[in-house]
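Let me put the model up, and then I'll walk you through a few spots.

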Amino acid sequence: MPAVADTAVLTPDLKDQFLNPHISEHPQEGITPITNKPVIQVIREKLDSMNEDRWESDEENSFFVADLGEVQRQHLTWKALLPRIEPFYAVKCNPDPMIVKMLAALGTGFDCASKAEIEQVLSLGVEPSRIIYANPCKQRSFIRYSQKHNVKKMTFDNAEELYKIKENFPDAELLLRILTDDSQSVCQLGLKFGAPLHTTKRLLRLAGELGLNVIGVSFHVGSGCYDANAFGDAVHRARRVFDEGAEVGFNMSLLDVGGGFPGADVKTGNTFERVASILGPAVDALFPPHIRVIAEPGRFYVNTALSLSTHVIARRTVTREEITPGTEQVPEFMYYVNDGMYGSFNCIMFDHVNPVPFVLQKDRVFIEDAAWHEEPVYKCSIWGPTCDSIDCLAKETTLPQLDVGDWILWQNMGAYTVCAASQFNGFNKSEIHYTNTFV
Ligand SMILES: Cc1ncc(COP(=O)(O)O)c(C=O)c1O
């Protein structure tokens, strides 16, 4: 692994790996080309390079542009606003190899949920001490894999897991994942994980009896958390469990404040700035400086880093029968694009988001030159390419009239998108092109 930057600015040798415009002009085998052009320019050049005569080669497939510079900028923000808390990126959120490599170079740690994620991170040369296996219910062979590779930090929230860890990795460094109030989060993880506070002392006692090593407490306020106070409340709960640990004989030294941090797309309400202004002081007030504090941000790092361009592959014009006779019939449209709910837009189902469509190119006129902003808009719905009617990306929106061959852009598509995309109905996953706009 190359040297770790531990700053948002990469050292010159690392920079070369993440910014290689010369290579992107002349692709070399085995090296992922990365330009330094603005995202919109990368998209435009890709669209301009398309030739309708060659479309049998799938040229008009939907595609992502990932801006690795956005990941760097987010890291800078994290360091500035939560300097005491070490980010361990939640790989599950977007395990794209270039993103994970960038974060490894920046010096973050990693939250892994499975053997494969641990393998991915270790293969980059990341020290095992920079990994937390943050899944409270683990497969036995995966625990043994962690032991073999010296990935010691792992979470638990129940007695059975303690017995399993005792058998498979008795020297593990354990964090007790506690239940917090996640009622103010879009994805409430407490339904599945987290020890209620009335069980924590019992679990700590059991861990002591088994001779296990509990080094700290972790929590997750839920993904897509929209109330920063949830973090403050959770820190208080963690303090209580630290004190219980001391009573039982554990000298805990690590607090893990989990994920749930908003991305840079959240500009009002529960912004990252607001979360940091509550979490940082709460941690400082309740945990002395010798306690190490880590977090498991996912969405925060990547949501704004990926934009997805989709091609309108079909259109159906709908005329409403119920329109009053004698009045002018206004058409409504159903557009079909070539990525959908079973692909990158699985986030609609699993992450409860409502992606927003923008017209990117219409009648071969790109957004930046477009005069069609003044055109009338029509009600429409947007659908993915599969034969399933659940595959709906926007039930009702308004757009200028589009036609087959036009392009629609979806921004903020970096979190919980590519990672869970399938190839249902034989559709390819959207490929990713890279740029790095951090200068
Ligand atoms: C254990 C754990 N840590 C971290 C995360 C990342 O959460 P987020 O993307 O909201 O920061 C998740 C998401 O599900 C998780 O389950």
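Before anything else, how I use the words: buried means under 20% relative accessible area, exposed means over 50%, and partly exposed is in between, with a 1.4 Å probe and protein chains only. Keep in mind that this is a predicted model, where local features need pLDDT of at least 70, side-chain atom pairs count only at pLDDT 80 or more, and totals for chains, interfaces and linings use all residues. Residues are numbered from 1 along each chain as its sequence is written, and side-chain values use heavy atoms, with hydrogens and water left out.

Let's start with the charged pairs. A salt bridge here is a side-chain nitrogen of Lys or Arg within 4 Å of a carboxyl oxygen of Asp or Glu. Searching the whole structure turns up 18 of these salt bridges. When I say helix or strand, I mean DSSP runs, H or I of at least four residues for helices and E of at least two for strands, numbered from the N terminus.

Take glutamate 247, which counts as exposed because its relative accessibility is 56%. What does glutamate 247 form a salt bridge with? The partner is lysine 201, and the closest N and O atoms are 2.4 Å apart. That pair ties together distant parts of the chain, with glutamate 247 in helix α10 and lysine 201 in helix α9, 46 residues apart. Lysine 201 itself is partly exposed, at a relative accessible area of 26%.

Helix α9 runs over residues 197-209, and its buried residues are Leu197, Thr199, Thr200, Leu203, Leu204, Leu206 and Ala207. Look down the axis of α9 and those buried residues fall within an arc of 160°, so they line one face of the helix. That arc is taken from the directions from the helix axis to the C-beta atoms. What do they pack against? The answer is β6 (153-156), α8 (159-168), β7 (173-177), β9 (213-218) and α10 (229-248), where contact means heavy atoms within 4.5 Å. On the face turned away from the buried side, α9 carries the exposed residues His198, Arg202 and Glu209. Just after α9 comes glycine 211, with a positive phi of about 75°.

Back to salt bridges for a second one I like. Arg44, Asp48, Glu368 and Asp369 are linked in a network of salt bridges. Within it, aspartate 48 pairs with arginine 44, closest N and O atoms 3.6 Å apart. Those two sit four residues apart in helix α3 (residues 39-48), so about one helical turn separates them. Arginine 44 also meets glutamate 368 in a salt bridge, 3.5 Å from N to O. Here the link is between distant parts of the chain: arginine 44 is in helix α3, and glutamate 368 is in the loop between β16 (365-366) and β17 (377-383), 324 residues apart. As for cover, arginine 44 is partly exposed, with 23% relative accessible area.

Now the annotated positions. UniProt positions are given in the numbering used here, with shortened feature names, and annotations may be inferred rather than shown by experiment. The unreviewed UniProt entry has "modified residue: N6-(pyridoxal phosphate)lysine" at Lys92. Lysine 92 is in the loop between β3 (85-90) and α5 (97-106), and is partly exposed at 31% relative accessible area. Leaving aside neighbours within four places in sequence, what is lysine 92 in contact with? Asp111, Ala113, Glu117, Tyr416 and Cys419.

For context, most residues other than glycine have a negative phi.

The other annotation is "active site", which the unreviewed UniProt entry puts at Cys387. Cysteine 387 is in the loop between β17 and β18 (392-400), and is exposed at 77% relative accessible area.
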